[in-house]
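Me: I am new to this structure and would like to learn how to read its features one at a time. Please give the general idea first and then the case at hand.

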Amino acid sequence: HDFFREDTLLNSRTARVEEADLLKQQPAMPIVETKTRDVDCTGAVIGYSTTVWAASRIRFVIPSRT
C-alpha cells in the first residue's frame with residue numbers, strides 16, 4: 001500500500017442554496033459534510049476532498065478497531 005486515509009471529519013449543517021439545488025432538497029434540510037485526507041507512507045498529505053450528502057439519504061457505518 002502506498003497511501004492510506006489519515007482521517008475523515010463528519011459535520012452536519014444546513015445546506016447552502018446551491019448545494020440544496022444539486023441535492024434536490026430544501027435549503028433548510030440538513031446535510032452531512034465529509035472532509036478527508038489521504039497520506040503517503042511518510043505521512044505527507046497527497047489528497048484532500050470535501051463531499052456533501054443529503055442527511056436523509058445517507059447512512060455511515062464506522063467500524064471500530066481494537
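Me: How many bridges join strand 1 to strand 2, and do they run parallel or antiparallel?

Reply: Strands of a sheet pair through backbone hydrogen bonds, either parallel or antiparallel. Helices (H or I, at least four residues) and strands (E, at least two) are DSSP runs, numbered from the N terminus, and two strands pair if DSSP finds at least two bridges between them. Here strand 1 and strand 2 run antiparallel and are joined by 11 bridges. Within this pairing, Asn11 has Glu33 of strand 2 as its bridge partner.

Me: What kind of model is this, and how are its residues numbered?

Reply: This is a predicted model, in which local features need pLDDT of at least 70 and side-chain atom pairs count only at pLDDT 80 or more, while totals for chains, interfaces and linings use all residues. Residues are numbered from 1 along each chain as its sequence is written, and side-chain values use heavy atoms, with hydrogens and water left out.

Me: How does strand 2 pair with strand 3?

Reply: Strand 2 and strand 3 (residues 45-54) are antiparallel and share 9 bridges. Thr34 stands opposite Thr51 of strand 3, and Val39 has Val45 of strand 3 as its bridge partner. The two strands form a hairpin with 4 residues between them, and Gly43 in the turn has a positive phi of about 95°.

Me: What is the order of the strands in the sheet?

Reply: The sheet is open, with 3 strands in the order 1-2-3 and antiparallel pairing. Strand 1 and strand 3 are at the edges with a single partner strand each, so one side of each has no neighbour in the sheet. On average, neighbouring strands of this sheet are turned by 15° against each other, direction ignored. For such angles, axes are lines fitted to C-alpha atoms, for helices over the stretch in contact, and angles run from 0 to 180 degrees between N-to-C directions.

Me: How many salt bridges does the structure hold, and which residues are linked in a network of them?

Reply: A salt bridge is a side-chain nitrogen of Lys or Arg within 4 Å of a carboxyl oxygen of Asp or Glu. The structure holds 5 of them, and a network of salt bridges links Arg13, Arg16, Glu19 and Glu33. In one, the closest N and O atoms of Glu19 and Arg13 are 2.9 Å apart. In another, Arg16 and Glu19 have their closest N and O atoms 3.2 Å apart. Glu33 and Arg13 also meet through their side chains, at 3.1 Å from N to O. Because Glu33 lies in strand 2 and Arg13 in strand 1 (residues 3-14), this pair ties together parts that are 20 residues apart in sequence.

Me: Which of these residues are buried and which are partly exposed?

Reply: Buried means under 20% relative accessible area, exposed over 50%, and partly exposed in between (1.4 Å probe, protein chains only). Glu19 is buried at 11%, Arg13 is buried at 18%, and Glu33 is buried at 11%. Arg16 is partly exposed at 45%.

Me: Where is Asp38 found, and what does its side chain join?

Reply: Asp38 is found in strand 2 (residues 30-40) and, at 16% relative accessibility, counts as buried. A polar contact is a pair of N or O atoms within 3.5 Å; within protein, one must be able to donate a hydrogen and the other to accept it, and residues adjacent in sequence count only if both atoms are side-chain atoms. The side chains of Asp38 and Arg5 are joined by such a contact of 2.6 Å. Contact in the wider sense means heavy atoms within 4.5 Å. Neighbours within four places in sequence aside, the contacts of Asp38 include Phe3, Glu6, Ala44 and Gly47.

Me: Where is the place of Asp40, and which residues does it touch?

Reply: Asp40 is also in strand 2, and it is partly exposed with a relative accessible area of 21%. Not counting residues up to four places away in sequence, Asp40 touches Asp2, Phe3, Phe4 and Ile46.
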